[in-house]
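Dear colleague,

Please find below the structure that I am handing over to you. My notes on it come directly after the model.

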Amino acid sequence: MTSKTNRDITVGSKACNFLLNRYNKYKERGYADVVSRIFHGIPSKHAQVSYNNIEFCDNPTDSSHIEIQNVLHLGSYNYSGLNGHPDIIAAAKTALENFGTTTSGVRLLNGTSRLHIELEKKLAEFLRYDTVITYSSGFAANLAVFDTLCDANDVIFSDSLNHESIVKGIELSGARCEVFPHKDMAALAALLEKESPEIRKFIVTDGVFSMDGDLAPLPELCDLSEKYGCFLIVDDAHGTAAIGPNGRGTVAHFGLEDKVDIITGSLSKGLPGIGGFVACNDKTGIVLRTGSAPYIFSASIPPATAAGILKAVEILETSPEIAESLQYNAKFLRDSLRAADIDILDSETAVIPIVVRADEKAFMLAKRLHEKGVYANPVVFPAVKKGRARVRLNVSADLTQQELDFAVKTLIEETKAVLESTNAVAPAEMA
Ligand SMILES: Cc1ncc(COP(=O)(O)O)c(C=O)c1O
């Protein structure tokens, strides 16, 4: 104990109690170490990973004694496989030497370098929108959009499986939120029908749903937007550099750039950096640049990151085979798992959930896979509903057929073993 104060700030908080109890349960059962495992080196498909006996533990183990294992990384958002690409590292290195490690500022003051401008121009061209504004994260980009563009006079229709950053952004805006059941267009139409034509209406959806791996029904959403005079916003965090021609995302996959008003996304998934973006028309761009709090009051992304992402977009523009290879790899894994009767929901992308239902089984499966040389993340409540726990796979474009075969064999064997095991408690008990 090194804290200078003994006051316990968690006492009296229901939320803190819930989190501490859950942590203790996981620790007791030996699963705390598969949460937030530690990567040593570039987290690309050949990763070196150790269990986490440092970050959460009250009695940390000496980090020099941790056991590092070579694993095939199937839990990474590195969909394009571009993290660690030599040209991207070279571009980032040059920028690091010329611009330092940070801008030491927010965008509207001294936080804009030439590289930020070049990156935003390049992304706008890539996505076929007037302008792109970058933020320090995809989360911040969603907060910015809703907080700045919507207010208490508006209504926002949001898919029930939309990402937490959308939920938090809507809360911040003060707008009324109507949640429609996941991808249920009839339910959405019924909700829209009830609204006055006078009120401003927004529809928001993930492009690729981050937990289930299915795609938003964008053509139908565009039709409803048009019919009811709504603005349409797509969060494409898991679609950018992962789906569509040259990885231009879900909106480009459906060819709907002229119908979707705003795309938000992340710069740390298919694009190998950190940060987020909003793609929109020029006028909306001016409003966000001059009025959105995360742009005005939060530091800009490091110039070296901007340089690396810029290079990644250039590579994607000239290499359609990256997105094609990702589609092949993901389809191969999905088809193989489905053929073995493994429940992967309606996944149709590189996000593939292996649903095992009980939280404990998700941890057990992640641990067994780790021991067999495959890294994948357990996902439990509250990230997914109770009883819908899973191990989630995120596929990369750079996997070879041999690696895919090894992955399929290991995933099928270990999933079957865990599902047959009775050594797991009911989901409610863990949550
Ligand atoms: C759908 C979705 N939107 C937004 C975000 C936030 O992106 P970032 O990690 O860049 O903050 C995520 C993160 O995983 C996400 O899955």
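The notes below cover the ligand shell, the strands and sheets, a helix pair, and some backbone details.

Two remarks on conventions come first. This is a predicted model, in which local features need pLDDT of at least 70 and side-chain atom pairs count only at pLDDT 80 or more, whereas totals for chains, interfaces and linings use all residues. Residue numbers start from 1 along each chain, following the sequence as written. Helices (H or I, at least four residues) and strands (E, at least two) are DSSP runs, numbered from the N terminus.

Ligand shell

The ligand is surrounded by 14 residues, and the closest are Ser137, Gly138, His163, Ala237 and Ser266. Helix H4 (residues 138-149) contributes the most to the shell, with three residues.

Burial is judged by counting other C-beta atoms, placed from the backbone, within 10 Å of a residue's own: 20 or more make it buried, 12 or fewer exposed, and values in between partly exposed. Strand E10 (residues 276-280) is largely enclosed by the rest of the structure, because five of its five residues are buried. Gly276, Val278 and Cys280 lie on one side of E10, Phe277 and Ala279 lie on the other, and all are buried, so that both faces are covered. In general, the side chains of a regular strand alternate between the two faces of the sheet.

Strands count as paired if DSSP finds at least two bridges between them. E10 runs antiparallel to E4, to which five bridges join it. Within this pair, Val132 stands opposite Ala279, and Ile133 stands opposite Val278. Strand E9 (residues 262-266) is also antiparallel to E10, with four bridges; here Ile263 has Ala279 as its bridge partner.

E4 is likewise largely enclosed by the rest of the structure, since five of its five residues are buried. Thr131, Ile133 and Tyr135 point one way from E4, while Val132 and Thr134 point the other way, and all are buried.

Strand E2 (residues 46-50) and strand E3 (residues 68-73) are paired antiparallel over five bridges, and Ser50 stands opposite Ile68 in E3.

Another open sheet consists of three strands in the order E11-E14-E13, with antiparallel pairing. E11 and E13 stand at its edges with a single partner strand each, so one side of each has no neighbour in the sheet. On average, neighbouring strands of this sheet are turned by 30° against each other, direction ignored. E11 and E14 pair in the antiparallel sense over six bridges, with Val355 opposite Arg390 in E14.

Helices H12 and H14

The axes of H12 and helix H14 (residues 401-420) come within 10 Å and cross at roughly 30°. This makes H12 roughly parallel to H14, a term used for angles under 35 degrees. Axes are lines fitted to C-alpha atoms, for helices over the stretch in contact, and angles run from 0 to 180 degrees between N-to-C directions.

Backbone details in the loops

Phe381 and Pro382 are joined by a cis peptide bond, with omega about 10°. Pro382 lies in the loop between strand E13 (377-379) and strand E14 (389-394).

Two residues other than glycine have a positive phi. Arg128 has a phi of about 65° and is found in the loop between helix H3 (114-127) and strand E4 (131-135). With 14 C-beta neighbours inside 10 Å, Arg128 counts as partly exposed. Asp341, whose phi is near 65°, is found in the loop between helix H12 (320-339) and strand E11 (351-357). Asp341 is exposed, with 10 other C-beta atoms within 10 Å.

With kind regards

Definitions and conventions. Near = placed C-beta within 6 Å. Parallel < 35°, antiparallel > 145°, perpendicular 65-115°, else oblique.
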